[in-house]
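Please read them with the model open.

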Amino acid sequence: MPTTAMVGREPELAEIVEMLQRKDLRLLTLSGPGGTGKTRLAIQAAAEAAESYPDGVWWVSLAPLRDAHLLVSSLADALQVEEQPGRELAESLAERLDGKRVLLLLDNAEHLLPAVAHEIASLRDAQGPTILVTSRERLQLQGEHVYAVPTLTDDDGVELFMTRARALEPALQTSSAVVELCVRLDNLPLALELAAARTVVFSPEQLLERLSQRLDLLKAGRDRDPRQQTLRATIE
Ligand SMILES: Nc1ncnc2c1ncn2[C@@H]1O[C@H](COP(=O)(O)OP(=O)(O)O)[C@@H](O)[C@H]1O
Ligand SMILES: [Mg+2]
């Protein structure tokens, strides 16, 4: 569970929670680039929708998995389904989930695509579980609902930056440099947090200056991935 306060996201949460409460929706993917806040939203939405899932809400991180086939054993671990002699683990897992109102949060699926989509499809076909996935790319499965996670609003971007920065530098004030910095970082939560961590060493004006220099380099065609460049500029 996250140890920092959630900033904004009320409309997004309301929409996602509403989808998770629908009985006809079995598979929902939160999509978007790295650092947009997919995991954060998914965990919060799952917690808020928990009442609709009397048999439990389970979070499984797929990030450490190197192979999509390991999804079944990870889920079995999480749900404490034991391996039984002469029986496929997937079968025991399906039996455990059968007819249960369970929400499975499968976090960070992108690096296992496309293989993991097949594994998730067999879960989707079981009677009972609803599956909430976070992934940069959608799974491209039938019955998949996709929610593209937007960036933060300008105000929420500034609030996230200032909250994180003030945890380190309580005297820091909001300024036009802060506002511009957040816009320049596309209000991307991960980028804002990385930049806020740098305020120990650099003022917001200096961070903005560094970012501008990098962007000038970019204009000169020295880099291919603006987002990566922007991110790197904040952490270097
Ligand atoms: N609305 C928010 N309020 C506070 N922190 C947030 C918010 N959205 C994202 N974060 C933080 O930003 C970072 C990146 O978010 P994360 O959910 O991990 O992104 P993703 O899963 O899309 O890569 C995390 O440290 C997360 O806690
Ligand atoms: Mg994530």
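Predicted model: local features only at pLDDT ≥ 70, side-chain atom pairs only at ≥ 80, totals over all residues.

The points below cover the ligand site and then one loop.

1. Please read every value below as computed from it.

2. Ligand shell. Ligand 1 is surrounded by 17 residues. V7, G35, K38, R40 and E193 are the closest. By class, seven shell residues are nonpolar, five are polar and five are charged.

3. An oxygen atom of ligand 1 lies 2.7 Å from an N or O atom in the K38 side chain. For the side chain of T39, the distance from an N or O atom to a ligand 1 oxygen is 2.9 Å. Taken alone, ligand 1 exposes 560 Å², and the protein buries 83% of that.

4. Placement. Which pocket holds ligand 1? The ligand sits in the largest one. Helices α2 (38–48), α6 (154–168) and α8 (189–197) each supply at least two residues of its shell. Domain 1 (10–148) and domain 2 (154–235) both contribute shell residues, so ligand 1 lies between them.

5. The loop between β3 and α5. Two backbone features deserve a look here. β3 spans 103–107 and α5 spans 115–125, with P114 in the loop between them. The peptide bond joining L113 and P114 is cis, with omega about 0°. N108 is found in the loop between β3 and α5 too. Its phi is positive, near 70°, and N108 is not a glycine. For context, most peptide bonds are trans, and most residues other than glycine have a negative phi.

Terms used. Residues numbered from 1 in each chain as written. Chains lettered and ligands numbered in written order. Heavy atoms only, no water. Near = heavy atom within 4 Å. Polar contact = N/O pair within 3.5 Å; in protein donor to acceptor, adjacent residues only side chain to side chain. Areas by Shrake-Rupley, 256 points an atom, 1.4 Å probe, with all protein chains shown as cover. 1 Å grid on protein atoms, 1.4 Å probe; cavity = no way out; pocket = protein on both sides within 12 Å on 5 of 7 lines; lining within 4 Å. Sits in = over half its atoms within 2 Å of the grid points. Helix = DSSP H or I, 4+ residues; strand = E, 2+ residues; numbered from the N terminus. Nonpolar A, V, L, I, M, F, W, Y, C, P; charged D, E, K, R; others polar. Domains from an automatic or database assignment.
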